[in-house]
Amino acid sequence: MTGTFHSGGSAPRTEKTAGERGGPPARPTGGRGRPFARGGGAGGREIHHLGLVAALVLLSAVGLVTEPGNFATSGNVVGILALAATIGVITVGQTFVIIGGGIDLSVGSVMALASVWATTVATQSYGPAVMALCAVLVGTGAGVVTGLLISYGRLVPFIATLAMLVAARGLAQRMSDRRTQLVRPENDAIEALSTTKLLGLPLVVYIFAAVAAAGWLLLNRTTFGRRTFAVGGNPEAARLAGIDVRRHTLTLYALSGFCCGVAALIIMARTTTGSSTHGDLYELDAIAAVIIGGTLLTGGRGTIAGSILGVLVFTLITNLFILNGLQTSDQLIAKGAIIVIAVLLQRRGLRSPT
Amino acid sequence: MRDQSPRPTRRGVLFGGAVVAAGSLAAACTSNSAKDDPSPAAQAGSLGGDNDKPGKQVTIGFSAPAADHGWIAAIAKNAEGQAKKYKDVTFKPVEPTNDINQQISAVESLIRAKVDVLVILPNDGEQLNQVARKAMDAGIPVVNLDRVFPDKLSYRTWVGGDNYGMGVSAGHYIGKKLKGKGASNPVIVEIQGIATLPLTQDRSKGFADALKSYGYTVTAKQDAKFTVESGNQVASNLLQAHKKIDALWNHDDDQGVGVLAAIKQSGRKEFFMVGGAGSANAMREIKTGGGVLEATVTYPPTMAASAIKLGRLIAQGKGMADLVELQVPQSITLASETVFKDNVDTYMPLGFES
């Protein structure tokens, strides 16, 4: 991807605005040649979402049959949403990165780092507002660093974020001395995000909803969103269309880092701790959710709603397994199977219309 | 060869380990403010009998898993603290790691360095068995700490906690209390550590066996990963799964921080909870009272300090003061005690910070 930054010379110049409007730019040689498509295009997106909704309905039906007195209670639904919040927020950022043609493997570690940084004693003595700000700034900062490595350092996203995955975890361990850092009782405003309820839902669920809504708006209703599809679909064409691809890529990783910072705040609220062990393997959960949500791993196409549905499917599976007293190992098998099925269905959905 | 004959004298009996232990408890009880001292057991050193007098110079090699967990962190601190008490001991720790492959090469490097005795807490007893055997064959006695090697030729002495006994202690506390209330068919929930480890299976077996003597069974069990975050997630789901719980046993106080946060956020108070390992955090919670956490069963990290002491004695060819034997015994299993409101002050100094 980064290789296409330098002008190939063979591609004809296109007017600046053509690309942004979604008009078909001249196909550059060697590019992936997909026009700037938004979402799944031609109804494919809706069909895919319906498939996920059907999966949710099916899983809910299993829940209703196996745990009739328990599954459909408001308490359980709230519980599922609160559990989905952490990974959900991360997944929103991840969706942007993947649509933009990249991948972010560092999300779990960056979340851990942000939680540890925010709970260091020095920060705790300044109170919850400073802690919250700290979590978000550290997350964004880590995202900016990865973004710089990718866009200006010309590292492949896989490598740059892999480096961040390892390094951020190490830094988190070093800062916390590998200990679990409790949020001090006097900073209970952090925990209140989990305990305070508004219309029956804890505040962390509203944070999740707000991030998801903001993500949807940003992706579907702004120039920034259109450019994200453009950059992911065909970076060379995007560049020719006048988009500053490097700066845009940098912003996408910063956005993902920001989401990790928000997720760190949620995990701090839920567990009342910051720890270098937080977010272990979250990168895989987030990427899996994005993929079963219908976003192409090669970039250029995807939706926030799909990713959120993907997260809910996973959370629902965990919930169902625990309600029925089944073990973690079986859950993992089920998750693996769901990823494969979703991608197989997605491929068929892609092939048939064209 | 021996500098001091390890004759079992009356003085030895009088001033042996029991005195040491009692002394340490007394000292610890009166010095609750001595927060900086990492290991209360280390305070005992100066009170000992003959054995603590300087003897032959020995080098003790030490290898343990990475300290990303309060208990393991306390193990490393206890070992180091104890080794520093002796002028005749050179302490040679290798970099802690969770990678079995790395731990094997670390132990191999200690064998090559020809240390006088090895103290090893393996990540997995089965998988490190061969390298421990290699050390023994090379004439280096191995003190096996906690996770046991399957092959008795692989270690000179084993020191560790009683995992089965932890389950039994927790089972008795819960069984007795529920029986006292006249509960029939109570809902008893168990949150395990890493389900694949033999130590977890032993704990669960002890728990089930003890409950059986009261006519009770475990209603549901789920495994977490010894981390705060997984403890939180599993507890949230289990609370959903069971509308009414009578008692809950959580195997590990570190993951217990997350479990307690989940319980607090759910607002549930109808049951009581027993923890495991004995962290300072859990003990403070028990002392304060009013919450669901009523007790914890010990699995003291001071065993590392004991292992260093024993390793030194083995290398110096001495026996243990309170035993009439000329040499250190082959195996020592610590007792798992129940800490609750009435005795929490006694045990508080043994609590480790998570």
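Is R284(B) buried, partly exposed or exposed? At 34% relative accessibility, R284(B) counts as partly exposed, where buried means under 20% relative accessible area, exposed over 50%, and partly exposed in between (1.4 Å probe, protein chains only). This is a predicted model, in which local features need pLDDT of at least 70 and side-chain atom pairs count only at pLDDT 80 or more, while totals for chains, interfaces and linings use all residues. Residues are numbered from 1 along each chain as its sequence is written, chains are lettered from A and ligands numbered from 1 in the order in which they are written, and side-chain values use heavy atoms, with hydrogens and water left out.

**Salt bridges overall**
- Side chains of opposite charge can pair when their charged atoms come close.
- Over all chains, the search of the whole structure finds 15 salt bridges, each being a side-chain nitrogen of Lys or Arg within 4 Å of a carboxyl oxygen of Asp or Glu.

**Pairs within one helix**
- K84(B) and E80(B) form a salt bridge, with their closest N and O atoms 3.6 Å apart.
- Both residues lie four residues apart, about one turn, in helix α3 (residues 70-84) of chain B; helices are DSSP runs (H or I, at least four residues), numbered from the N terminus.
- K84(B) is exposed at 65% relative accessibility, whereas E80(B) is partly exposed at 36%.

**A pair across the sequence**
- E353(B) forms a salt bridge with R284(B), the closest N and O atoms being 3.0 Å apart.
- E353(B) lies in the segment after α12 (344-347) of chain B and R284(B) in helix α10 (residues 280-288) of chain B, so this pair ties together parts that are 69 residues apart in sequence.

Conventions. Helix = DSSP H or I, 4+ residues; strand = E, 2+ residues; numbered from the N terminus.
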